[in-house]
Amino acid sequence: MSRLLFAANWKMHHGPAAARQVVHEVLARHRPVAGREQIFFPPSVSLAAVLEEIKGRRDVAAGVQNVYWEAKGAFTGEISAPIAAEAGATWALVGHSERRHKFGETDAETGRKVRAVLAAGLKAMLCVGELIEERRAGRTEEVVLRQLDAGLAGLDAATTAQVVIAYEPVWAIGTGTHATPHDAAAVHRTIRQWLTARAPAGARHTIVYGGSVTPDNAAALLAEEELDGVLVGGASLDAESWIRILSTPQPNR
Ligand code: PGA
């Protein structure tokens, strides 16, 4: 049976009360399924509430949506990886397209963040993905591999294999237009080949897809062997919708 990762990126939604209520409902109604893991990425101020709710569920984890690469210091408004770890996070998203395109985060900065996350003992989910103009210009592969190269810079082969990659085409995020399963799988294959060339023989890379995943398209996307899971924004905010995604039938592949 393949392992599937279901990650919920709540972005700037759900304060502590709403976060607690959604997670409570999801976990009450969705029992653990072998080979499936859930990760919640709530706003940092809601992390404690989520952690309380997931206590005792080994199939569920929580993380932060971003970190700064320094461990501590005069960086008002930022959160470091060691501080997130101390607060109970076990994961961190790095290089989400909103960080890159709305906050001007560079490829090199994502690399510093990935290294900081791993040094703090957190698991990293590095997001990569092309803009629509880049796809139209036939530059998807070049862009995604450039982001990978910078995001994973300085890591040894064994560590590289531990980073989960989220392929999120920017044009698919929050737009209602998801990549077709075929197109998503093609980019995943490119990413996997790139990773395989840099990791120890036999290493298993986890690559998830994100961008307008919904209860209605999750099954078709996950039917692609290349997809090891999904990273979901809008459709993860509501317990009912998220439970439907978590309940996607085991793909026959
Ligand atoms: P979306 O967001 O599912 O709302 O498109 C995905 C993401 O940004 O991770």
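1. Basis. The model is predicted: local features need pLDDT of at least 70, side-chain atom pairs count only at pLDDT 80 or more, and totals for chains, interfaces and linings use all residues. Residues are numbered from 1 along each chain as its sequence is written, and side-chain values use heavy atoms, with hydrogens and water left out.

2. Barrel. Eight strands close into a barrel in the order β1-β2-β3-β4-β5-β6-β7-β8, with parallel pairing. From one strand to the next, the twist averages 25 degrees. Helix α9 (residues 181-196) packs on the sheet and touches β5 (123-128), β6 (164-167) and β7. The direction of α9 makes about 150 degrees with that of β7. Axes are lines fitted to C-alpha atoms, for helices over the stretch in contact; angles run from 0 to 180 degrees between N-to-C directions. Helices (H or I, at least four residues) and strands (E, at least two) are DSSP runs, numbered from the N terminus. Strands pair if DSSP finds at least two bridges between them.

3. β1 to β2. These strands run parallel and are joined by 6 bridges. The chain crosses from β1 through α1 to β2, and this β-α-β crossover is right-handed. The term means that, with the strands pointing away from the viewer, the path from the first strand over the helix to the second runs clockwise.

4. β2 to β3. Here 3 bridges join β2 to strand β3 (residues 60-64), again in parallel. Q38 stands opposite V60 in β3. With helix α2 (residues 47-54), the two strands make a right-handed β-α-β unit. β2 is mostly covered, with 5 of its 6 residues buried. Buried means under 20% relative accessible area, exposed over 50%, and partly exposed in between (1.4 Å probe, protein chains only).

5. Helix α11. What is the burial of α11 (residues 239-246)? The helix is mostly covered: 6 of its 8 residues are buried. They are A239, S241, W242, I243, I245 and L246. The cover over these buried residues includes β1 (4-9), α1 (16-29), β2 (36-41), α10 (218-222) and β8 (229-232). Contact here means heavy atoms within 4.5 Å.

6. Positive phi. Most residues other than glycine have a negative phi. H14 is not a glycine, yet has a positive phi of about 75 degrees. H14 lies in the loop between β1 and α1. S212, also not glycine, has a positive phi near 60 degrees. S212 sits in the loop between β7 (207-210) and α10. S212 is buried, with a relative accessible area of 16%.

7. Ligand site. Which residues are closest to the ligand? Of the 13 residues that surround the ligand, the closest are K11, H96, E168, G174 and S212. Near means that a heavy atom of the residue lies within 4 Å of the molecule or strand. A polar side-chain atom of K11 lies 2.8 Å from a ligand oxygen atom. For H96, a polar side-chain atom is 2.6 Å from an oxygen atom of the ligand. G174 uses its backbone: an N or O atom there lies 2.6 Å from a ligand oxygen atom.

Definitions and conventions:
A polar contact is a pair of N or O atoms within 3.5 Å; within protein, one must be able to donate a hydrogen and the other to accept it, and residues adjacent in sequence count only if both atoms are side-chain atoms.
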